[in-house]
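Good morning, and thank you for coming.

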Amino acid sequence: MIGLGVLQPYRQERFIMKKTIMLTITEKCNLACTYCYEQNKTLKTMNYETAIEILDKELNLDDGYDECEIQFFGGEPFLEFSLIQKVCEYIWNNNWNKKIRCFTTTNGTLVHNEVKKWLLENKNRFTCGLSLDGLPEAHNLNRNNSFEKIDYKFFINTWEKQYVKMTISPETLCMMADGVIYLHKLGFDIDNNLAYGVNWTDEKYLDILENELSKLTEYYIENPKIQPCRMLNLHLENIATNTKIPRWCGAGKGLKSYDVNGRVYPCQMFTPLSNSKVNYDEILKIDFDDKNTIDSDCNSCPIYNVCPTCYGHNYSATGSISKRDKNLCKLTQISTKAIAYLWFKKLSKYTREELNITDAKAVLLLEAIEKIMEWDEKGE
């Protein structure tokens with residue numbers, strides 16, 4: 001979702017190192033989404049002095065990072081619009097030893113009038129992501145009948161390359177395919193996922209997901225230039241390697257999340273806002289080295305290298321950053337098989353040039369598809 005702690009090519013001779021600093025500027029929200037993992041919202045907000053103290057510390061650190069993304073987090077961040085403005089002006093009016101990016105994700109309901117005007121004026125240095133859950137009826141079911149309060153065209157026109165965040169609840173799973181296609185037709189690329197922290201144990205969801213992904217794969221086969229949604233766009237080629245690829249985010253390394261009081265956590269999923277049982281002293285002792293983030297129960301799983309994981313959700317659900325929520329296993333397996341089918345069909349129907357992939361990647365994809373087919377035939 002965020003590209004945390006990721007290495008990116010830079011001029012051939014070195015790499016850009018990026019980190020992310022999340023400021024929870026408010027615990028308030030004007031919606032009550034059905035799947036929200038923030039179960040401990042309050043009326044608390046971060047004061048300006050706390051935000052500046054954090055920024056002075058983080059942006060002046062000689063820590064090897066070339067870039068820093070400042071994320072304004074909530075609750076709904078634009079409930080504290082004036083604080084966002086004030087903090088951004090402080091950032092932009094000072095010289096730092098890092099390149100700075102400013103970002104937030106919003107439910108969109110407050111992005112009107114002066115908020116919209118300010119965002120337009122600063123669109124080249126402040127990026128705003130939108131949460132939009134597919135079809136209007138699905139979005140309204142999940143997010144308090146708020147679809148009509150959102151000017152989604154503003155987000156497309158202002159940040160055309162910024163994906164929209166689509167969360168799928170058990171209640172809206174049956175509308176997922178139509179919702180994804182709907183958002184593509186509006187002009188969005190899509191970062192979608194099944195909601196964390198909700199009950200996915202009912203076996204009926206397996207059939208529903210398989211049916212929805214079947215619709216989507218056919219859509220993407222016929223429209224190869226459209227970037228598939230995140231659920232069908234995992235790096236399938238990683239399955240071709242026998243080396244474990246353990247890290248999926250920067251929690252505990254390239255990411256720091258500050259709560260409204262200025263206390264630092266590995267990510268927002270570890271904060272009291274998201275987890276009332278969190279033990280702060282215990283959190284600070286967690287070692288996020290790769291050896292501690294690999295789930296030993298999954299060592300023999302052939303799709304380990306594409307199976308998403310969330311250390312914060314793992315900690316909340318199982319008490320360990322590495323132990324995954326096994327309720328999601330079968331759903332992830334269905335998604336991975338759908339990705340394999342999608343690539344098999346695209347590689348059969350289109351040239352490498354049409355798919356914009358290298359021959360080397362095509363070879364890895366075919367090897368991954370073969371592994372998944374063998375695994376599927378064994379009925380594992």
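Predicted model: local features only at pLDDT ≥ 70, side-chain atom pairs only at ≥ 80, totals over all residues.

In which helix does Asn 113 lie? Asn 113 belongs to helix α3, residues 113-121. Helices (H or I, at least four residues) and strands (E, at least two) are DSSP runs, numbered from the N terminus.

Residues are numbered from 1 along each chain as its sequence is written, and side-chain values use heavy atoms, with hydrogens and water left out.

The predictor's confidence in each residue, from 0 to 100, is called pLDDT. Its mean over the chain is 92, and 95% of the residues reach 70 or more. Over residues 1-14, however, the pLDDT is below 50, and this stretch has 26 contacts in the model beyond near neighbours in sequence. Contact means heavy atoms within 4.5 Å.

Let us return to the backbone. Most residues other than glycine have a negative phi, and most peptide bonds are trans. Asn 113 has a positive phi, near 50 degrees, and Asn 145 also has a phi near 50 degrees. Asn 113 is exposed, with a relative accessible area of 64%; Asn 145, in the loop between α4 (136-142) and α5 (152-158), is exposed at 58%. Here buried means under 20% relative accessible area, exposed over 50%, and partly exposed in between (1.4 Å probe, protein chains only). Ser 146, also placed in the loop between α4 and α5, counts as buried because its relative accessibility is 0%. Leaving aside neighbours within four places in sequence, Ser 146 is in contact with Leu 31, Thr 109, His 139 and Asn 140.

Another backbone feature is the cis peptide bond that joins Gly 74 and Gly 75, with omega about 25 degrees. Gly 75 is in the loop between β3 (67-73) and α2 (81-92).

I turn now to the interior. A nonpolar core is a set of buried Ala, Val, Leu, Ile, Met, Phe, Trp, Tyr and Cys residues joined through side-chain atoms within 4.5 Å. The largest has 86 residues, and those with the most contacts inside it are Leu 23, Phe 72, Met 176, Leu 216 and Leu 236. Apart from it lies another core, of 17 residues, among them Met 22 and Tyr 280.

Is Leu 213 buried or exposed? Leu 213, in helix α7 (residues 204-222), is buried, since its relative accessible area is 1%. Not counting residues up to four places away in sequence, Leu 213 touches Met 176, Met 231, Leu 232, Ile 334, Ser 335 and Ala 338.

Ile 334 and Ala 338 bring us to the second largest pocket, as they are among the residues of its lining that lie nearest its centre. On a 1 Å grid over the protein atoms alone, a pocket is an open set of points where a 1.4 Å probe fits, with protein on both sides within 12 Å along at least five of seven lines; lining residues have an atom within 4 Å of a point. This pocket is lined by 18 residues, and the largest share, eight residues, comes from α10.
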